Amino acid sequence: MFNTNTISRFQQLETPFYYYHLDVLRNTLDACRAASSKHGFHVHYAMKANFNPRVLDMIKAYGFGADCVSGNEVKAAIAHGFGKEKVVFAGVGKSDKEINLALDEDIFCFNAESVQELFVIDELARAKSKVAKIAIRINPNVDAHTHHFITTGLDENKFGINTWQLPEVADALRKCPNLQFLGIHFHIGSQITDMEVYKNLCNRINEIQDWFEDHGFAVKVLNTGGGLGIDYHHPDTNGISDFESYFKVFKQFLNVRPGQEVHFELGRALVGQCATLISRVLYVKNGQKKNFLVLDAGMTELIRPMLYQAYHLIENISRGESEVGSRKSEVGKELTQDLIKYDVVGPICESTDCFQKDVELPESFRGDLIAVRTAGAYGEVMASSYNLRDRVSSVYSGE
Ligand SMILES: *Cc1c(COP(=O)(O)O)cnc(C)c1O
């Protein structure tokens with residue numbers, strides 16, 4: 001992934017920083033657009049995954065809409081040039097201020113997550129003599145078979161409206177003249193790699209859409225959410241998610257009515273592989289039981305391992321080709337050096353500030369450059385200033 005020119009460029013730079021592979025982003029967006037447009041599907045980019053301005057510029061240029069989860073995201077999407085008619089606003093706790101802002105912007109749709117929220121949006125829309133377009137976020141109780149920290153579509157999750165509350169929803173919609181019902185929305189979790197899960201989701205959506213039609217509501221939009229996973233273990237050999245198979249499942253199993261729109265909200269699958277966190281080894285601590293590599297990056301730059309026990313491939317790019325996965329999997333590849341197990345940790349004053357334990361790397365030294373791969377989604381956006389750290393910077397390929 002990193003040629004010698006890139007590595008010499010990195011050596012001149014202050015670490016840590018996010019390195020954006022803009023060509024990877026472009027190839028991923030190409031693949032997604034080709035696979036979705038074949039079926040006439042609409043894709044919204046889930047902006048919370050990465051709102052780096054260069055990333056947003058490129059995604060917007062592909063004609064994707066924006067899926068926002070805060071008022072500031074709605075504002076940023078529109079300021080960035082995403083069309084208002086392609087902005088949707090989800091979130092379990094939209095404040096009055098955020099709802100008002102979105103009403104003023106005349107966005108495409110609110111994805112409402114509770115019955116109480118319906119009444120609030122109706123009231124705020126009435127005060128502005130507007131009609132708010134609404135999709136109901138429904139909790140389909142489909143297990144995403146992903147990490148429980150990133151599952152959102154089960155009865156016990158805080159998101160969405162449970163199906164036993166649908167009669168109450170229908171009642172609320174009839175009582176709210178300033179709401180226009182557009183359709184139904186789902187988002188069952190993230191990093192989903194099992195296509196069977198999406199098939200189950202389609203079956204539930206079909207049932208729920210029938211319910212709405214039986215109760216006199218025309219469903220114009222079926223929004224299936226996002227969640228398509230990526231390969232954190234093989235970023236070089238499997239860098240683009242299988243968009244073809246993903247969209248095909250919906251084509252095959254979703255009962256789409258004539259004139260109906262099918263929407264998707266992808267975040268991770270679009271941006272996950274387009275960035276690497278680059279840091280330096282500050283210190284090597286050799287203990288009796290453990291060896292530690294102390295990096296100049298930690299949970300303040302990339303919190304996913306600490307927050308969700310997430311895996312990222314870690315490479316020492318100063319010590320030659322060191323992708324552990326490829327060493328192990330590529331037959332015939334000679335191992336030229338012995339590997340040492342290191343706990344790769346950050347500098348932050350928290351014991352959980354560890355990227356990964358027992359990472360097999362070539363013997364590493366102070367000053368070596370360490371790459372933490374597949375950091376484009378939920379990486380830079382979650383950076384914090386805890387310990388009064390400097391804001392992590394961004395560097396782009398091709399510059
Ligand atoms: C986060 C989120 C998404 C995107 O999820 P990914 O796993 O990144 O694809 C889509 N829709 C909603 C409502 C979300 O909150």
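How many bridges join β1 to β17, and do these strands run parallel or antiparallel? In this predicted model, β1 is joined to β17 by four bridges, and the two strands run parallel. Within this pairing, Phe-17 is placed opposite Ser-393 of β17. A further partner of β1 is strand β11, which comprises residues 275-286 and pairs with β1 in the antiparallel sense, again over four bridges; here Tyr-20 stands opposite Ala-275 of β11.

The loop between α1 (4-12) and β1 (17-20) contains Pro-16, and the peptide bond that joins Thr-15 to Pro-16 is cis, with an omega of about 0°. Most peptide bonds are trans, and most residues other than glycine have a negative phi.

Gln-191 is located in the loop between β8 (179-185) and α8 (195-214), whereas Leu-388 belongs to the loop between β16 (369-372) and β17 (393-396). The surroundings of these residues can also be described in terms of accessibility. Gln-191 has a relative accessible area of 17% and is therefore buried, because the cut-off for a buried residue is under 20%. Leu-388, with a relative accessible area of 78%, is exposed, because this class begins over 50%.

Notes: Residues numbered from 1 in each chain as written. Predicted model: local features only at pLDDT ≥ 70, side-chain atom pairs only at ≥ 80, totals over all residues. Heavy atoms only, no water. Buried < 20%, exposed > 50% of the residue type's maximum accessible area, 1.4 Å probe, protein only. Pairing = 2+ DSSP bridges.
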